[in-house]
Structures are given as C-alpha cells and as structure tokens.
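Colleague: I'm new to reading protein models. Could you walk me through a couple of features in this one?

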Amino acid sequence: MHYREIRKEELSRSLFAHFHRRQVVTDCLRKEEEGWAVKPAPFVDDWSEEDYAFLVECLKGTITKGGAVFGAFLEQEQEVLKGFASVEGVPMGSRGQYRDLTSLHVSEDMRGKGIGRELFFMACRWALEHGGEKLYMSSHSAIETQKFYRAVGCTDAEEIIQEHADREPYDIQLEKSLEPSEMSKEGAIC
C-alpha cells in the first residue's frame, strides 16, 4: 500500500472507480440519560453516484480552502485508491484548537488491514503541523466505527461543534489530542 497526499486535479469520479463504500451496520451507540448504549439500528450504508459526485466536490473544496486529502493506493499498473481521509484547514473551536477530520473511509474489500489507522495518523500529523491542538470528528455511531476511533485514542469531544451535531444528530462528536511529544522517529502518533 502506498500513502500520499492527493492533489486537487486528481479528484474525479474515476479516482473512486475501485473504491467500495458499502458498510453493513447492525448496532449503533445512542446517547441516553445514563450514558452511551448499544442499540440495534440495522441498515446498509452505501454511496450512490450522486454521493460520489458530492464527495468529489467536497474534497476539492477542502483543498481549495487550505486543507488536505490523503489517499491509500494499491500499487498495480496504476495506483488504485482504496482509502482516503480529509482534514479541513480552517481552525474550529472557541480557541481555534480543532482541525476537522471530515472524512476517513476504507474500501470494503480492504478493511481490517491497518489502512484506516495509517490515514488517521497522517491526518493527525498534518493537523498538528498546521496549528491544531486536537483533531475533531463527527463520527458515525456504528459500533465498528466507534471501536476504531477509541482504539486510536479518540475521546468524547470536550467542545461540541454545534453545526456538526445539528447536521448529523446520531453522530458522535470525538476528538484526538495532538501532542508533539507523541511523535515517533517515523512521525506516527502513538
């Protein structure tokens, strides 16, 4: 697998030709009076052609506004995108402490191979290098998604970005502290 930043001119529907968003969800976390509870919420999350068109425009906007998009590529005769992450460049939060992780997706056929983890930490490094104290994410509430974010050190967000919470009321608002001391020689955040 090869990881690199994606350039704006590369962003088109054809870049996602071999990317499969499909996710079968059975249980999700829901906020209750006593805290988070696992609730059955079965559905299949998949993207339509309209969703991919919207995604391409959003990712272009991310780069135009100073953010970054990272990709995980299989190296064959030509690169084949199998995962991506995007981080917005505009600071968020009461002190501008957050950089927003707006997407992190791995193709259904490549999950469980560490690709999401590598993309996540690429986003963390970029956010830290661009003045962020924390990475913010409005995360899908599916149990598998939440296990991933907790495993990479995310916690409930101390400050809720209301625009995100209003747009996706079932999402869970998370953050990851970005400490320079956590950077290893290789640049990964522990």
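Predicted model: local features only at pLDDT ≥ 70, side-chain atom pairs only at ≥ 80, totals over all residues.

Colleague: What is a disulfide, in general?

Modeller: It's a covalent bond between the sulfur atoms of two cysteines. To count here, the two sulfurs have to be within 2.5 Å.

Colleague: So how far is the sulfur of Cys28 from the closest cysteine sulfur?

Modeller: The gap is 17 Å, to the sulfur in Cys154, and that's too far for a bond. Cys28 is also buried, with a relative accessible area of 1%.

Colleague: And which cysteine sulfur is closest to that of Cys154?

Modeller: That would be the one in Cys124, at 7.0 Å, again too far for a bond. Cys154 is buried as well, at 4% relative accessible area.

Colleague: Okay, on to helices. Why do residues three or four places apart point the same way?

Modeller: Because an α-helix has 3.6 residues a turn. Now look at helix H3, residues 143-151: its buried residues are Ile143, Thr145, Gln146 and Tyr149. They sit on the same side of H3, because they cover an arc of only 160 degrees around the axis.

Colleague: Which residues are exposed on the other side of H3?

Modeller: Lys147 and Ala151 are exposed there.

Colleague: What do the buried residues of H3 pack against?

Modeller: Quite a list: strands E2 (23-32), E3 (35-45), E6 (98-106), E7 (134-139) and E9 (172-177), plus helix H2 (115-129).

Colleague: And what follows H3?

Modeller: Gly153 does, with a positive phi near 95 degrees.

How values were computed: Residues numbered from 1 in each chain as written. Heavy atoms only, no water. Buried < 20%, exposed > 50% of the residue type's maximum accessible area, 1.4 Å probe, protein only. Helix = DSSP H or I, 4+ residues; strand = E, 2+ residues; numbered from the N terminus. Arc of directions from axis to C-beta. Contact = heavy atoms within 4.5 Å.
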